Amino acid sequence: MSTNNAYYIPHKATWPVMATAGLLTTLVGFANYLNGSSIGSPLMMLGFAIFIVMVAGWFTLQSTESESGMYNHGVGISYRMGMMWFIFSEVMFFAVFFGTLWYTRNLSVPWLGGEGAKAATKAILWTNYTAVWPTNGPGNVGGHFEPMGAFGLPFINTLLLLSSGVTCTWAHHGLLAKKRDQLIKGLIATVSLGFLFVLCQAFEYHEAYTEMGLTLGSGIYGSTFFMLTGFHGFHVCVGAIILSVVLFRSAKGHFTPENHFAFEAAAWYWHFVDVVWLGLFVFVYLM
Amino acid sequence: MKKIKQLFAGAMLTTFGLPIAQADYALNLMEGVTKVSNDIYDLHMLILWICVFIGIAVFGTIFYSIYHHRKSKGHEAAHFHEHTTVEIIWTIIPTIILVAMAIPATKTMLELDDVQESEMSIKVTGKQWYWDYQYLDSGVHFESHLDEISEKSHRGHTIDPHTVPNYLLSVDRPLVIPINKKIRFVFTSADVIHSWWVPDLGWKKDANPGFINEAWTSVPTPGVYRGQCTELCGRDHGFMPIVVIAMNQGDYDNWVKTTLEKQNAKPDLSDQSHEQLMANGSSVYLKNCVACHQIDGKGVVGNYPALRGSAKVTGGVDPLIGFLQAGTSKMPSFAKLKDNELAAVITYIRNSPDIGNKVGDEIQPKAITPVYDDDE
Amino acid sequence: MSAVTAEHDHDDHHHDDHAHGPEKGWLRWVVTTNHKDIGTLYLVFALAMFFVGGTMAMIIRAELFEPGMQFVDPQFFNSMTTMHALVMVFGAVMPAFVGLANWMVPMMIGAPDMALPRMNNMSFWLLVAGILLLASTLFMEGGAPAGGWTLYPPLVLQTGKALPFAIFSVHLLGISSIMGAINIVATILNMRAPAMSLMKMPMFVWTWLITGFLLIAIMPVFAGAVTMLLTDKFFHTSFFDAAGGGDPVLYQHIFWFFGHPEVYVMILPTFGVASTIIPVFARKPLFGYSSMVYATAAIAFLAFIVWAHHMFTVGMPISGELYFMYATMLIAIPTGVKVFNWTATMWKGAMTFETPMLFSISFVVLFTLGGFTGLMMSIAPADFQYHDSYFIVAHFHYTLVPASIFMLMAGGYYWLPKWTGHMYNEKIGQLHFWLSAISVNILFFPQHFLGLAGMPRRIPDYAIQFSDWNMISSIGGFIFGASQLLFLYIVVDTIKGGTGEKVTDEVWEDAHKHGLEWTLPSPVPYHTFSTPPTVIPCDHD
Ligand code: HEA
Ligand code: HEA
Ligand code: CUA
Ligand SMILES: [Cu+2]
């Protein structure tokens, strides 16, 4: 049980309101943009700027407070729990898209092709369609495309991410053993591998769009492919940015073996992103 | 006055919660006409009575304690706060009850699901906002819209719904089926999800775009059975009823024959009088256009443009014909209308005082030049 | 029972000029991190939204008063149905329970505040942002979303300009709920007073722990579903389009994977409040505390595996129909345990009938009624008749209005004296109860008959044979709505001083035996438990 005698309770907070304002502005901007309104983009930019300032401000505040020893053990546990449950919510978010992939591959596409419980669907509506995977559906939505193979860039990306997981752990060991040098080298390696991954993925997308005819609009294959890999790629970017901040703070001499929640949270997040990729590699590319 | 009386009677009934089955007040599920619907009714009654029984036991206990274990009566609180045996008993008994309920439920479910060995098939397509029926064996094919008088009543605010026979529950062309035949329905949709429900048949089934759902029925007694679309499908979801007429095989065969004859007959393209065109145009308009452009031709601001005073309507006839046959991304094509229907509706929207236009001409069927000759 | 130190003896070493009280002026409410302030914000906001959602319900009931189109356009009617549900669910009931959790959880477990106070502030403001975004759609070209609160495609994709706004509002509400839930879960797991072991926690805290878990698990699922709506509409994906290999029914699976647990999110804290209040006024410990805990957990577990009972008519394979039927029926068992335990708690008690208790008793009875109809609908073949008829509308309003809403009212009456230090007017409270309890039945009971007689839901106009019950239902609705103005009056009156009678610390007779909050002064000071209490009341062992 925590000793909450001196549990740190902040008494006034302006960043959260600013975060809300930033998010709201961004989303209102985005919605307007989607509706074809010209105030969309500027609003979005404004909102995003507010958001960035907020993130910088809030994180600086947290790190100053942390470094000045305001957080005791109990506070640390609260933060860790917060992070854990946040990652759990992310797991559920990805589960939706994996579930979608499962459902379409195993149920809706076979049904459209006249298999299983809905044989009449093909007989009456889609007589010319044969269920295969990958597919862009009986309407041949988005036109001809080539599916993405597993053993090119995706395989390289798997290696990149896996090794970044190792370097991240190595950095953690450095932190625990008070080897700041190892900590910093490990973090540099992790962040670089992360950005390299994003770069490779950008190449992969470019190839898909320009040479393979594979787009977000390529029926259900394109939809699931880009949705899953896209959201994952976005998470890699966020993870890499967080790790960069951690790297920056390590360079400034922050973190002790006892008190390094920010590092830990970033590392957990990174490993989570790693695991999601393994799922992707197996279910999206290999199978 | 009658209303107030009914209201009073109704209020009394609710207040006392008595399931007195008065003729005017349907309080319970209808039994329906098919065997399946009777089975479902029996299931319903079974669960209902189980619930009533458990309810009496639980609520009885609560009211007993409220009455006898009151502080104001000087009752002293006991101090027990658990009793393992009792807790186990009241976990196990409900479990047994549930198993007992699951058995007949499973049987009925399996029966409902079995579309094998059907003797004829009807394809039902839900569309915003009417049903399209296609008899896969005989080739009969027609649309079924809300009848004109209900349409006028709910849109026009001039006809009292109470005076409309089967208000909102009758259609211009009902679905006709023979009795005592196992009929398989295949459901799909052309736009959004609809759901086809005739309570007397005992079930409803969703019509999903791009997929086929199947269900079956076999009606033992001739009669008229009514139902409605039960999946929210947009602004006129409340106005796409279903009417099924079950008749003897002989009558049914006759119906198929005459229907097919009419269906295959060439439309009468001879010239018509202004009045004829306007009358026909009005019913074509009520079926096809009113949902969007409204009964007064004023449309819906922001969604559907007004025809009242529209230059496109009152301007050149040929562009208007072309427009209606081609449709746009927002308005469906009306190439499906026969030349005489198209001529009538155009005359109507150009000249009807209801729509608010007065060009003063009539468009004859012969004036329609086909852009598409596809009659589907 | 006096070993509680609850005064503001802050010996914060870190500076802070506000440590001893709230910020001055209105800014206090914007920047506050205090769990009581935030709880108040949530509760006030939720009450306001209850009136907004209720006003929409009144429009629905007015249109349905008589056959024929009376007041509104069918499209607007559908918008009202949709917005009424979204506002009630996401703006009223859920925030109200988060508000109660904010106020009560730290006090019940002996914690100084919530675990993550800054994030707590953000959860609230995101909620406001989300609801603002949702409300703004009412004024947009093409109208507010009108596809039902379930937002089924392809229909919802026909929404006009409002679509992206509605979707982003769901995202904001989702983030807000997740943050709120994480905070509550972290608080419960990490901030309990030393003697407060898990199995000694008050039931309300338990139910919220489990609800929090449900929320964290399901809100991202809803967010994912609406994200796919967005991409289907604006980025050419085919998730819910058969032509591309997708399936509109897939959306329904995802939605109900969220939606079914969601309805338990609205009922589990309700159970918690009932388990808190009934023992106090029965003057007896809660019967079967541990089976209550296990039953709650069982309900939450089952909540994840029964979703497709909302979809019996979509054309699932027979194996799916049967599985979801059996799984759904099982929920009656743990829920039955709860109902029986409440009954046994009252049995041989020494009951008194103050307003909170009146609401609680009627909750047990009327919730059970709603549960019974739920069980009836779980029978798949029977649901072929009930589905999307007014029978369902009756079912879920019984579980939501005389259950969730009633227990929120009960909680309000029960804790208001503690929060404000004033007693509410018991006479008006009882009047409010009787008016509500009677009219809610006139409002919703006839809807069972309508559904069984064949009236579909979500229609603005109906056949003549449905007239009488609709009229009665509407009259009940107007009475019920008007009665809620009494509640508003009582709340305002109590805050202003109420009966003028100064309440004691424990307010209700022997309440200190039932919860830590009653050991604190009334009204509760701004900061409580800056040092954890060492002795805790425990009425169940
Ligand atoms: C708080 C909200 C709440 C709660 C608690 C419940 C509780 C239950 N609900 Fe309900 N439900 C909704 C809110 C809720 N529901 C909503 C909002 C919808 C509609 C959504 C929409 O379409 O818009 C809905 C719809 C809905 C459907 C879909 C109907 C359809 O659309 O066709 C079904 C079907 O199975 C169902 C079942 C149940 C069951 C079995 C329970 C069970 O949890 C009930 C268990 C309780 C009891 C059974 C009573 C007490 C038990 C005993 C006394 C023990 C002994 C009893 C027996 C053995 C009989 N609900
Ligand atoms: C927590 C959730 C919740 C709550 C509290 C309520 C509360 C109420 N609901 Fe609602 N409802 C839903 C959730 C809820 N509902 C959902 C999920 C749906 C399904 C939507 C869908 O199909 O998509 C639904 C749908 C729904 C319908 C069906 C609509 C349709 O199918 O077309 C109806 C119709 O009667 C209805 C009525 C009411 C009424 C009369 C109340 C009353 O309890 C409200 C009482 C409150 C007030 C009235 C406000 C307070 C008073 C004033 C503002 C004073 C002024 C008033 C007067 C002077 C009269 N609701
Ligand atoms: Cu078609 Cu509702
Ligand atoms: Cu459910």
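Tutor: Helices here are DSSP runs of H or I with at least four residues, strands are E runs of at least two, and both are numbered from the N terminus. Let's start with C:T328, which sits in helix α9 (residues 318–330) of chain C. Bear in mind that this is a predicted model, where local features need pLDDT of at least 70, side-chain atom pairs count only at pLDDT 80 or more, and totals for chains, interfaces and linings use all residues. Residues are numbered from 1 along each chain as its sequence is written, chains are lettered from A and ligands numbered from 1 in the order in which they are written, and side-chain values use heavy atoms, with hydrogens and water left out.

So is C:T328 buried or exposed? Its relative accessibility is 8%, so C:T328 counts as buried (under 20% is buried, over 50% exposed, in between partly exposed; 1.4 Å probe, protein chains only). Leaving aside residues up to four places away in sequence, C:T328 touches C:V306, C:H309 and C:S378 (contact means heavy atoms within 4.5 Å).

Of those neighbours, follow C:H309. With a relative accessible area of 13%, C:H309 is buried, and its NE2 atom is a donor to the copper ion (ligand 4) (donors are N, O and S atoms within 2.8 Å of the metal, or 3.2 Å for Na, K and Ca; water is not among the atoms, so sites may look incomplete). C:H260 through ND1 and C:H310 through NE2 also coordinate that copper ion, and the donor distances run from 1.8 to 2.1 Å. Along the chain, the copper donors follow the spacing H-x48-H-H.

The copper ion (ligand 4) has another metal to look at: the iron atom of ligand 1 is 4.5 Å from it. Chain C also holds the protein donors of the iron atom of ligand 2, namely C:H84 and C:H397, each using NE2 and lying 2.0 Å from the iron. Those two link distant parts of the chain, with C:H84 in helix α3 (residues 74–109) and C:H397 in helix α13 (residues 390–420), 313 residues apart. Both C:H84 and C:H397 are buried.

Now step out to the chain contacts. Chain B and chain C bury about 8500 Å² between them, 70% of it from carbon and sulfur atoms (accessible area lost on being put together, 1.4 Å probe, summed over both). Chain B puts 94 residues into this contact and chain C puts in 106. Two salt bridges cross it (a side-chain nitrogen of Lys or Arg within 4 Å of a carboxyl oxygen of Asp or Glu). B:K71 and C:E509 form a salt bridge, with their closest N and O atoms 2.7 Å apart. The elements of chain B that each supply at least two residues to the side touching chain C are α1 (2–16), α2 (35–68), α3 (84–113), β7 (203–207) and β9 (223–229). The largest share, 16 residues, comes from α2(B).

Between chain A and chain C, about 6100 Å² is buried, with 73% on carbon and sulfur atoms. Chain A gives 70 residues to the contact and chain C gives 77. One salt bridge is found across this interface: the side chains of C:R118 and A:E65 meet at 2.6 Å, N to O. On chain A, α1 (15–34), α2 (40–67), α3 (73–112) and α7 (219–251) are the elements giving two or more residues to the side that touches chain C. Here α3(A) gives the most, with 21 residues.

Terms used:
Buried area is the accessible area (1.4 Å probe) that two parts lose on being put together, summed over both.
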